[in-house]
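Here is a short tour of the helices and chain contacts in this structure. Keep the viewer open and follow along.

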Amino acid sequence: MKKFFSLLFIAALAILLLYVVSNMPGMGEEDVPTRQNVIPRYLENAEEETGTENVITGVILNYRGYDTMGEVTVIFTGLAAVIAIIGRERRGKNYAYTDLSEIASSVIVRIAIIFLAPLILLFSFYTILHGDVSPGGGFQGGAIIGASLIIFTTIFGLWESTSRIPQKLRFPLEGAALLSFFSVGAIGIIGGGNFLTYTLPRLTTSLQPAVRTWLTLLVEIGIGVGGAMVFISILFALLREEGGVVGY
Amino acid sequence: MDWVINLVLIALLIATAVSAILARDLLAAVIIFSCYSMIMALMWQRLQAPDLAFTEAAVGAGVTTVFFVITIFKTRRKEER
Amino acid sequence: MMARDIIAGILCAVGTFFFILGTTGLLRLPDVFSRLHPSTKCDTLGGCSVLIGLMVHSGFSFDTLKLLLIVAFLLVSSATCGHAIGRSAFVKGIPIWKKGLEREE
């Protein structure tokens, strides 16, 4: 009986939602409000106003800079929550399950990772630094850095990774990444513009494009490094075994 | 010809989503979910949003899957009935 | 122009054929080790055939280099994945399909 009512409720909800969707304007039609105001403006003026060839990067970092700032804050809040529940790593040696296991990792896989991981890292740097021209950007590149370090950690063990990227290094990098976003925003105010606008009216006009490019790049690198460090810190926190006791 | 590919992708998307919910084995559910993310990345690419496709492929199919697998490894693999 | 399209079509068809074979083997074969055989080898061959077909189709441009890189990464990563899965299945002691081993009297 309970199941019947829940099914009925789901069916009613589905019919309601489908009815609403059928009344929505179709995708890509001419008379949608966003197509008349926002999209033409972005497509026509973005390259000129934001200085980025890739319009999406311009929208994310410039027009919708506040949204991106909120998203970055959410990611770091997530990291803070994970660390608060699981706890940071100790001083001395940190082990994962794979470090304590008697079976060594395969030589073939190790050689393949040594071959692949640097190339993945190279691609991630390309994605971050080329974000204003081609698809990609800070967060995507950060996720790819995280992925390459994750495959390194799963094969070579937590102890190798934490000794290469210790907490001493990750703490300041995470802070600096978040701070770079806000400080670039503040530079906008100091330069006579608004918060998170990359134009500085107090400077001479000839310097403007270069400054804008460099500030955009700084924010991209900040988001990328911050995202990568967040992924890596969550991975290390999840992998760490308490007191060297083998779980599972 | 385009609508055939779109239809196949949407059908696969729904199939993977439903089977990820129905799977009793949580590891299987995680792997199916990473397949879902990969198909979603293809959908974003077909909708001409390469930036989103990038994010979905890197975060959804790569990083999240590893996190889920580690969490399952540390807790319990089968869903309780 | 025509010959290039025909060669590309044949290569893509061969690749798709091997993909179908690999998927069928993955679904039909009995245990982990025999399933690894079609799923890695046929996927490598099928994927490389499709990508080489696309290289022929696109002609000589910058895309060709990208597709060549994808072929190289596919060869490395697919073979390594197969090895890792087989090794961990062996270490974990997942049972082999015994039916073919016994002599039928």
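Which pattern does chain C follow when read along the sequence? Chain C runs α-α-α, and its secondary structure comes to 3 helices and 0 strands. Please keep in mind as you read on that this is a predicted model.

## Chain C

The radius of gyration of chain C is 18 Å, well over the 13 Å that the globule rule gives for 105 residues, so chain C is more spread out than a compact globule. Along the principal axes, its C-alpha atoms fill a box of roughly 60 × 30 × 15 Å. Buried residues account for 16% of the 105 residues of chain C. If you take the contacts in chain C between residues at least 6 apart in sequence, 68% of them join residues at least 24 apart.

Helix α2 (residues 32-58) and helix α3 (residues 62-92) of chain C have axes that come within 10 Å and cross at roughly 180°. Because of that angle, α2(C) is roughly antiparallel to α3(C). The residues of this contact divide into 17 nonpolar, 8 polar and 2 charged.

## Chain A

Now turn to chain A, which has 11 helices and 0 strands. From the N terminus on, its elements run α-α-α-α-α-α-α-α-α-α-α. With a radius of gyration of 23 Å, well over the 18 Å that the globule rule gives for 248 residues, chain A is also described as more spread out than a compact globule. The box filled by its C-alpha atoms is roughly 70 × 65 × 35 Å, taken along the principal axes. Of the 248 residues in chain A, 29% are buried. Contacts in chain A between residues at least 6 apart in sequence join residues at least 24 apart in 71% of cases.

Within this chain, look at helix α5 (residues 65-86) and α11(A), whose axes come within 10 Å and cross at roughly 20°. Angles under 35 degrees count as roughly parallel, and α5(A) and α11(A) are therefore roughly parallel to each other. The crossing in which α5(A) passes α11(A) is left-handed. On the α5(A) side, the contact is made by A:Val72, A:Ile75, A:Phe76, A:Leu79, A:Val82, A:Ile83 and A:Ile86. The α11(A) side brings A:Ile223, A:Gly226, A:Gly227, A:Val230, A:Ser233, A:Ile234, A:Ala237 and A:Leu238. By class, the residues of this contact are 12 nonpolar, 3 polar and no charged.

## Where chains A and B meet

Helix α8 (residues 138-156) of chain A meets helix α3 (residues 50-74) of chain B, with axes that come within 9 Å and cross at roughly 30°. α8(A) and α3(B) are therefore roughly parallel to each other, and α8(A) passes α3(B) in a left-handed crossing. Residues of α8(A) in this contact include A:Phe139, A:Ala143, A:Ala147 and A:Ile150. Among those they meet in α3(B) are B:Asp51, B:Phe54, B:Ala58 and B:Val66. The residues of this contact divide into 10 nonpolar, 4 polar and 1 charged.

| Helix pair | Axes come within | Crossing angle |
|---|---|---|
| α8(A) and α3(B) | 9 Å | roughly 30° |
| α5(A) and α11(A) | 10 Å | roughly 20° |
| α2(C) and α3(C) | 10 Å | roughly 180° |

## Chain C and its neighbours

How many residues of chain C are in contact with chain A? There are 7 residues of chain C in contact with 7 residues of chain A. The side of chain C that touches chain A has 3 nonpolar, 3 polar and 1 charged residues. Chain B and chain C are joined by no contact, and their closest C-alpha atoms lie 14 Å apart.

How values were computed: Residues are numbered from 1 along each chain as its sequence is written. Chains are lettered from A and ligands numbered from 1 in the order in which they are written. This is a predicted model: local features need pLDDT of at least 70, side-chain atom pairs count only at pLDDT 80 or more; totals for chains, interfaces and linings use all residues. Helices (H or I, at least four residues) and strands (E, at least two) are DSSP runs, numbered from the N terminus. The radius of gyration is taken over C-alpha atoms; the globule rule is 2.2 Å times the number of residues to the power 0.38. A residue is buried if 20 or more other C-beta atoms lie within 10 Å of its own, exposed if 12 or fewer, and partly exposed in between; C-beta atoms are placed from the backbone. Two residues are in contact if their C-beta atoms, placed from the backbone, lie within 7 Å. Axes are lines fitted to C-alpha atoms, for helices over the stretch in contact, and angles run from 0 to 180 degrees between N-to-C directions. Angles under 35 degrees count as roughly parallel, over 145 as roughly antiparallel, 65 to 115 as roughly perpendicular and the rest as oblique. A crossing is left-handed if the near helix is turned anticlockwise from the far one by less than a right angle, and right-handed if clockwise. Ala, Val, Leu, Ile, Met, Phe, Trp, Tyr, Cys and Pro count as nonpolar, Asp, Glu, Lys and Arg as charged, and the others, Gly among them, as polar.
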